[in-house]
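This briefing is intended for a reader who is new to the structure shown below.

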Amino acid sequence: MSQQTLLEVRGLKKYFEAGRPGFFSRTVRHVHAVDGVDLNLRKSEVLALVGESGCGKSTLSLLLMGLEDPTEGMITYDGQNITHLNDNERKSVRRKIQMVFQDPYESLNPTQTIEEIVTEPLVVHGFDGSHAERGEKVKKALEDAGLRPAEVYMKRHPHELSGGQRQRVVIAGALVLDPEIILADEPVSMLDVSIRAEIINLLAELRITRQIAVIFITHDLGSVGFFADRVAVMYLGRIVEIGTMLDVLERPQHPYTKALLSVIPVPNPRMRRERIILQGETPNPIDLPTGCRFHPRCPVAIATCKASDPALIPLTKTHQAACLLLVK
Amino acid sequence: MEGIKGYILKRWQYLLKKITWSLFTILFVIILNFFLFRILPGDPARAGVRDPRLTKENIEAIRVRYGLDKPIINCFESLNPIKIGSCTVNPLDTQFFIYMGNLLQGDMMISFHTNQPVAEMLSERLWNTIVLIGAGQLLAIIFGVLFGMFSAWKARTAIDYGSLTLSLVAWSIPTFWLGIILLFWGSNNGMPIAGMSTPGMSSAPLLTRWGDIAQHMFLPTLTYTIVYMGEYMLIMRSSLLDVLSEDYILTAKAKGLSVFQILKDHAITNAMLPLVTIIAINLGFTVGGVIQIETVFSWPGLGMTTVEALNRRDFPVLQGAFLLIAVTVILSNLLADLAYSYLDPRVKTE
């Protein structure tokens with residue numbers, strides 16, 4: 001694995017307006033969807049982004065794709081600042097960062113054939129080659145995505161395919177542009193359990209055959225262990241722990257990560273573990289708690305947690321966590 | 001490909017089934033209409049002629065002339081144990097069988113009132129209606145779709161709410177009321193408000209004559225456009241809003257398509273689907289449904305003819321008009337069905 005950084009995110013913030021607290025009030029409240037995220041992604045690396053629903057992971061992916069404009073912070077791709085670009089400048093970056101959405105039943109236009117769907121990105125990005133070359137490229141993308149032989153699928157419409165096949169079509173639509181990064185936003189959560197492993201395997205295969213880096217967004221820590229190099233855990237718009245897969249899954253340091261890991265079902269029924277069940281709901285992202293944003297639900301919170309907000313603390317070379325208890 | 005042959009076969013079977021059903025429906029309509037108008041109170045032989053000096057012999061002569069002296073239908077002895085109606089008559093010499101027999105030969109008989117063949121009369125009137133509906137529908141579709149798209153694109157802004165309110169109002173206004181208001185407004189501004197052309201224009205050059213018809217068409221077409229535009233706008237807006245929230249629109253954005261490309265290739269093709277069905281069905285219904293507009297503006301179309309025929313108990317014209325309306329409704333439904341399965345690939349394989 002090369003150490004070259006491909007995508008870098010510094011202090012990224014996205015606030016959405018949430019209306020006024022009262023009819024006559026002059027101040028506008030904000031939803032703190034993404035609230036200061038630092039990340040970097042190396043070439044052909046798989047980074048898993050884990051968090052419960054509403055923690056801002058989908059907003060983060062939209063920010064990285066340039067589909068939402070960040071409130072603050074900076075995104076650089078390959079040394080180039082891509083935080084605020086206009087549509088024309090964005091186009092070349094779009095080729096390099098492609099996205100796979102959660103629901104394959106909604107992310108394909110029902111009136112187009114598979115061939116049209118996979119060809120369209122090439123047309124949009126002005127692929128200059130003959131008709132036959134374009135057809136070859138589309139065929140290769142489909143076969144790389146596991147739809148073999150491609151001819152069988154090309155003339156079909158999305159409704160004639162199963163969920164797993166549809167998700168492969170979505171992936172083929174991303175592959176056809178030869179991207180460097182694929183952003184997969186919960187790509188398997190709408191699929192049958194039996195097909196999930198196939199799609200995850202496909203993504204794992206692609207980073208080897210095509211050197212594609214994958215940002216794998218999920219709420220399911222269980223599927224992460226499979227193939228991620230590094231894991232980032234998000235809570236309320238911020239990354240609370242990040243490290244290599246073994247760091248986070250075997251030696252979790254943040255109480256939130258520990259709680260998440262403790263509730264993953266274990267296949268062996270004799271092996272009993274103590275489960276940490278978090279109390280209460282995720283706080284409202286409009287009125288964030290003071291101090292550490294996890295303290296109202298934290299089982300090991302101390303008095304200072306209410307007052308000061310911890311930054312990510314480096315524990316080892318690869319492992320960082322944001323918890324006041326880790327400060328030495 | 002193996003499936004293609006089977007698919008075409010399936011398509012033909014489907015079409016055949018649809019056509020068979022349509023024919024049965026038309027037969028039912030023909031039979032129902034025949035009896036429906038004969039249950040109406042009033043005597044066709046007297047409704048046309050209001051002269052009090054009309055003698056019994058005259059009335060009888062009119063009856064004989066139009067075949068109204070014959071029994072409506074024989075009693076069908078074997079099917080009808082109570083023996084209602086006259087059972088002694090020759091079943092082929094009844095009004096019902098004469099009507100059916102003529103219809104099978106393509107003859108819709110002669111109007112009681114104008115003595116013209118009904119087919120000739122109706123085809124002229126139908127043409128006038130088609131001109132009116134054609135212009136109105138075209139304008140309503142164009143403006144409705146445009147406003148709907150604009151509204152959906154600017155969703156939840158003042159523009160959207162404004163055009164939404166206007167469309168709801170336009171759609172809810174009674175057609176005849178809007179017609180009367182526009183008629184007043186038009187007459188104040190020196191516009192022709194009745195009929196299809198100015199008397200004495202029939203010998204004018206063709207272009208002048210057409211210009212005259214266009215002037216007469218303005219107010220009825222405007223009424224029609226306003227009413228149907230509201231409906232199309234509302235449907236287009238909600239349909240486009242649905243489509244714009246789909247993930248494939250987000251995917252298209254992420255792939256770098258421009259706003260125009262997204263609208264053209266992904267949003268509108270999908271959003272038009274529900275609208276196509278409604279337009280096709282509306283086409284059928286409005287042939288009969290422009291009665292209000294035609295009556296308010298004295299437009300010599302099918303709707304006004306129907307009202308006049310009803311007042312005079314002119315059975316052949318009524319039967320002919322109702323048959324024509326039924327056929328257009330059934331045909332346009334068939335058309336909607338075919339158009340939909342052509343536009344939406346998901347329907348084809350079912």
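In this predicted model, the centres of domain 1 of chain B and domain 2 of chain B, taken over C-alpha atoms, are separated by 33 Å. The contact draws 14 residues from domain 1 of chain B and 13 residues from domain 2 of chain B.

**Domains of chain B**

- The domain assignment places domain 1 of chain B at 3-104 and domain 2 of chain B at 118-348.
- On the side of domain 1 of chain B that touches domain 2 of chain B, the elements giving two or more residues are α1 (3-39) and α2 (44-47) of chain B.
- α1(B) supplies the largest share of that side of domain 1, with 9 residues.
- Sorted by class, the side of domain 1 of chain B that touches domain 2 of chain B comprises 8 nonpolar, 5 polar and 1 charged residues.

**Packing of two helices in chain B**

- Two packed helices are described by the angle between their axes and by the distance between the axes.
- Helix α12 (residues 302-311) of chain B packs with helix α13 (residues 315-343) of chain B at an angle of about 145°, and their axes are 9 Å apart.
- The crossing in which α12(B) passes α13(B) is left-handed.
- From α12(B), the contact is made by B:L302, B:T305, B:T306, B:A309 and B:L310.
- The partners from α13(B) are B:V317, B:L318, B:A321 and B:L324.
- By class, the contact of α12(B) with α13(B) holds 7 nonpolar and 2 polar residues, and no charged residues.

Technical notes:
Residues are numbered from 1 along each chain as its sequence is written. Chains are lettered from A and ligands numbered from 1 in the order in which they are written. This is a predicted model: local features need pLDDT of at least 70, side-chain atom pairs count only at pLDDT 80 or more; totals for chains, interfaces and linings use all residues. Axes are lines fitted to C-alpha atoms, for helices over the stretch in contact, and angles run from 0 to 180 degrees between N-to-C directions. Helices (H or I, at least four residues) and strands (E, at least two) are DSSP runs, numbered from the N terminus. A crossing is left-handed if the near helix is turned anticlockwise from the far one by less than a right angle, and right-handed if clockwise. Two residues are in contact if their C-beta atoms, placed from the backbone, lie within 7 Å. Ala, Val, Leu, Ile, Met, Phe, Trp, Tyr, Cys and Pro count as nonpolar, Asp, Glu, Lys and Arg as charged, and the others, Gly among them, as polar. Domain bounds come from an automatic or database domain assignment.
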